[in-house]
Amino acid sequence: MARKKETGYTLQDARDNSLQRRWKGKAYERTAAIYSQAALDQLGPWRPLAQIDYQLVESMMDAFLAKGNSPGTVNKKRSALRAMLTDAVARGWLGVMPAIPKPLPNSRRKDRVLSPQEEEAFCLWFQRIEQPEAADLFRFLLYTGCRFGEARKLVSSDVNLILRRVTFHLTKSKDRAKNRTIRLPERAYEAVRNHVSPTHMDEKVWSYSYDQYR
């Protein structure tokens, strides 16, 4: 329940409200929760919304850049904050929508690619901490290019080891017609084959949750 306006509607109140009324049940609910929490961590959850202004949001964005966030990631955290402020205004808990900085221009730098030595180092580290499944999942993600959420949803019936194909259920769409099937590259096939059950077709391929693997 939101705190009364006269006691100061806070950023935590705004996030609780948006999680419940804007993002709950949506395909991007988890993503919105992560980015909105990042804004709270930076600005302080009990900060009154009336204190949020252009300079404060600009400082937040600069802090994220200093931590190594890409411009795209900073923009997503900014958008989550803006959504919370918009919802607070709509419900009468914030009188006027504050001016906030424009989104950052997207970087045109090339995506960084792991070298074979780096790939091997990651996998050796997973083996060293006795998490061999994590090493296999790492290679599966690397060689299929799928999102973690897509890999997490896989059950054994989604992986055809004979045809060496895998069907991904897209994380951002509930339309099953938009699912996609790809041929497994050799390294991805080697990584996944021991995790597919031959008898329990509805069994999850990978055991990790998003938070565990992150």
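Q: What makes two strands pair?
A: Two strands pair if DSSP finds at least two bridges between them. Strands themselves are DSSP runs (E, at least two residues), as helices are (H or I, at least four), numbered from the N terminus. This is a predicted model, where local features need pLDDT of at least 70, side-chain atom pairs count only at pLDDT 80 or more, and totals for chains, interfaces and linings use all residues. Residues are numbered from 1 along each chain as its sequence is written, and side-chain values use heavy atoms, leaving out hydrogens and water. Here, strand 1 (residues 159-160) pairs with strand 2 in the antiparallel sense, over two bridges.

Q: What lies between strand 1 and strand 2?
A: Four residues separate them in a hairpin, and Arg164 in the turn has a positive phi of about 55°.

Q: Which residues are the bridge partners of Val166?
A: Val166 of strand 2 is the bridge partner of Val159, and in strand 3 Val166 is partnered by Ile182. Strand 2 and strand 3 (residues 180-183) run antiparallel, joined by four bridges.

Q: Which side chains of strand 2 are buried?
A: In a regular strand the side chains alternate between the two faces of the sheet. Along strand 2 (residues 165-168), Val166 and Phe168 point to one face and are buried (under 20% relative accessible area, with a 1.4 Å probe and protein chains only; exposed is over 50%, partly exposed in between).
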